Protein chains: 2
Amino acid sequence: MDIKQEIEKANEEAARRMTIGEPVLVDIAPASEVIPGMEDRMITHAGPPIRWQDMCGAMQGALIGQVLYEGWARTPDEARVMLERGAIRLEPNHHHQAVGPMAGTISPSAPVWVVENKAFGPLTGISDNRAFCRQVEGNQQFGDYSEQALQGLRLWRDLWAPTLRKALRHIGGLNLKPIITQALQMGDELHNRHSASSSLFANAMAVAMVEADIPKAEMLPTLKYVTNHNLIFLGLAMACAKAIADPAMGIEYSTVVTAMCRNGTEFGIRVSGLGEEWFTAPAPVVDGLYLPGYSAADAGLDMGDSAITETVGWGAFTIGGAPGILSLVGGTPEEALAYSREMKKITVAAHPTYRMPALGFAGVPIGIDVRKVMQTGIAPIIDTAIAHREPGHPIIGAGLVRAPLECFKKALIAFGRKYNVG
Amino acid sequence: MDIKQEIEKANEEAARRMTIGEPVLVDIAPASEVIPGMEDRMITHAGPPIRWQDMCGAMQGALIGQVLYEGWARTPDEARVMLERGAIRLEPNHHHQAVGPMAGTISPSAPVWVVENKAFGPLTGISDNRAFCRQVEGNQQFGDYSEQALQGLRLWRDLWAPTLRKALRHIGGLNLKPIITQALQMGDELHNRHSASSSLFANAMAVAMVEADIPKAEMLPTLKYVTNHNLIFLGLAMACAKAIADPAMGIEYSTVVTAMCRNGTEFGIRVSGLGEEWFTAPAPVVDGLYLPGYSAADAGLDMGDSAITETVGWGAFTIGGAPGILSLVGGTPEEALAYSREMKKITVAAHPTYRMPALGFAGVPIGIDVRKVMQTGIAPIIDTAIAHREPGHPIIGAGLVRAPLECFKKALIAFGRKYNVG
């Protein structure tokens, strides 16, 4: 086999692994209980590795919030000092099988979604295929550390998550593939729009809570939280995407992207045949629409692990099937269809189950090939939210962004060096 | 004002009334309690008036089933004899503020959705603006009178409907406009596809049941029924559409269609300025896809009151925004978009709240103008299910159908005669 055939074969295998993923929600547990390597006085964050002093305002704000939430400091200033002097260990989520939206901060006591990819297990050689994601809300993860922002985290920790956990354990886990399949036929793109998946998930958990005999005092507020939170599935979709993408890591010769993420300063990608190495470039500016009172002048750069959804073919890759999101991110239905068609040109497969009715039930494009990105000059499109450039603010907008080509160029050069190509 | 201006003004008023509808689910009650004129030994049915002997097989089968369900006969033969000798009074749903899917049969003990249009009331001169629709299932309403088919009706009467009623009364009714608005942005067209609306409705009723302290033995099976029934909103959408369309009836000079319905033998329409008169033509053949084991040779003709959804701009009128339905009814996303655009040519307004993201958030086309239909030759398109031509079968398929132009021609002639036009 020549090198080209080796690469094709490896990429087919990467796409095959991503395609057969069977994500199941198996727990909702405090990070310290489940995330490997999670320690006391440690916070994991979105994107590739970064030092406190290089972080953007929103991520610094989120970390301040997370320190206050854990009770490690009593005031924002105290928290900032602790962070500045390195008293809190900071590591990327991706180094701990985790992902998080926007700043994506996860600390020990924060309950996370635990998704297991049942297509893999000890027999396949990929034994630990669980992935974790933090809960999604519109404030603290955007850098807001106000009391109101922290209250959402506390209610999640003390009421909503433990109640959902009891119900979930009672039913022995929840298969998320049917929800994802249906939601993609109901106008969700599973990055910024989760109206359908959140509603379907709420119904499943309502049945589970009733079956589990949860007392009314816990069930009613939790049910109201879940049925009114039309982005609750984002954390689940991200954990699913991470659990689906991880088994495709480390396939020799494969040029398929296994992670895309941003820390608000840098954009980073990982490539299957290149293992755990990050290929980074400056985080791009998001082209989007702003909430009242905010403008592009307030915007931070692209941030969050949520591009793991595009990595497995959702988000902007399937935006042609989710025109409802355009009121949030801008653009026309025709442009949205064009994005989904364009992404076919830089991917290696179409998913057999996850389909887009608006594109004649075509499967979502899966497996970004670094070679195809560089050959065509077409950068992956990502459908994302916008945080403020300064700490202390909730969400300010949403929009579309292209992954920087520089990451793919660096990866291809490293690939050439490792495999003696070109 | 000349006649043309009178008509334009009247049509604007008809569209205005349809546009401001505020449908609220106020009860789920046995037909005998709420439907005006519902009597013992009486069954109402879909479509314009028709005699037993002129009915198609599916409608006869549904009536046999309804008689058995009420316990008025012990065997299908006994039921048939009763129906043949006129022992059961048969009247159209539309003569009783009601609608029903497919055969659409409603009998006294059957619980119906009760929707009130809160935009109208005693002050507007339209005092009774409630509408009723029967529960939706895939068997008896299609003409199947097997024990299994009747069991669905009995569980609805004895368990599911009374449980939902208790919960609904506890919360004082449920506003359906927000659900409809959201569902149209989530790939529902509200005639054949109700995945989103049914899920959102289930979310709301789950909260209501928990709030109302429904015992687990009633709540759990009801919650399972509602969360697994992805067409449960069809009956609600039909009751909403009827409640929205009725206030537009009887506006002098208006050429706007206020009802389209079919009894499996004839297709009938009503026109605002012509009051309660029916303009009929033979029911057309549906162009569709069939379930395994069935073909076009088995198909009955177009049937059901469900075209009330198209009458208010949903169903095939908004199918461009609901490509997920194409796996059931056939066709391409491009054709679906073309249907929705075409319907703009025969309607008088676009709804300000009910919008289609796939068409750049255009409002759904509302208020079919009989004149425009005849001027353009474009017949309203309807997105429907298919029943068997013989009694005793469940659903056999689904597809698209055009309303017969003959109805519109007859209506326009009657209009000319009444208003001295042309």
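Me: How many residues of domain 1 of chain A are in contact with domain 2 of chain A?
Reply: In this predicted model, 42 residues of domain 1 are in contact with 50 residues of domain 2, both in chain A. Contact here means that the C-beta atoms, placed from the backbone, lie within 7 Å.

Me: Where do these domains run?
Reply: Domain 1 of chain A covers 21–241 and domain 2 covers 248–419; the bounds come from an automatic or database domain assignment. Their centres, taken over C-alpha atoms, are 21 Å apart.

Me: Which element gives the largest share of the domain 1 side?
Reply: Helix 3 of chain A, with 6 residues. Helices are DSSP runs of H or I with at least four residues, numbered from the N terminus.

Me: And what classes of residue are on that side?
Reply: The side of domain 1 of chain A that touches domain 2 has 20 nonpolar, 17 polar and 5 charged residues. Ala, Val, Leu, Ile, Met, Phe, Trp, Tyr, Cys and Pro count as nonpolar, Asp, Glu, Lys and Arg as charged, and the others, Gly among them, as polar.

Me: Before I go on, how do the labels work?
Reply: Residues are numbered from 1 along each chain as its sequence is written, while chains are lettered from A and ligands numbered from 1 in the order in which they are written. Because the model is predicted, local features need pLDDT of at least 70 and side-chain atom pairs count only at pLDDT 80 or more, whereas totals for chains, interfaces and linings use all residues.

Me: New topic: what rotation superposes chain A on chain B?
Reply: One of 180°, with 0.0 Å of shift along its axis and an RMSD of 0.0 Å.

Me: Which C-alpha of chain A is nearest the axis?
Reply: That of A:Met186, 2.4 Å from the axis.

Me: Do the copies meet through the same surface or different ones?
Reply: The same surface, because 100% of the interface residues of chain A are also interface residues in chain B.

Technical notes. Copies are superposed by least squares on the C-alpha atoms of residues with pLDDT of at least 70 in both. Two residues are in contact if their C-beta atoms, placed from the backbone, lie within 7 Å. Helices (H or I, at least four residues) and strands (E, at least two) are DSSP runs, numbered from the N terminus.
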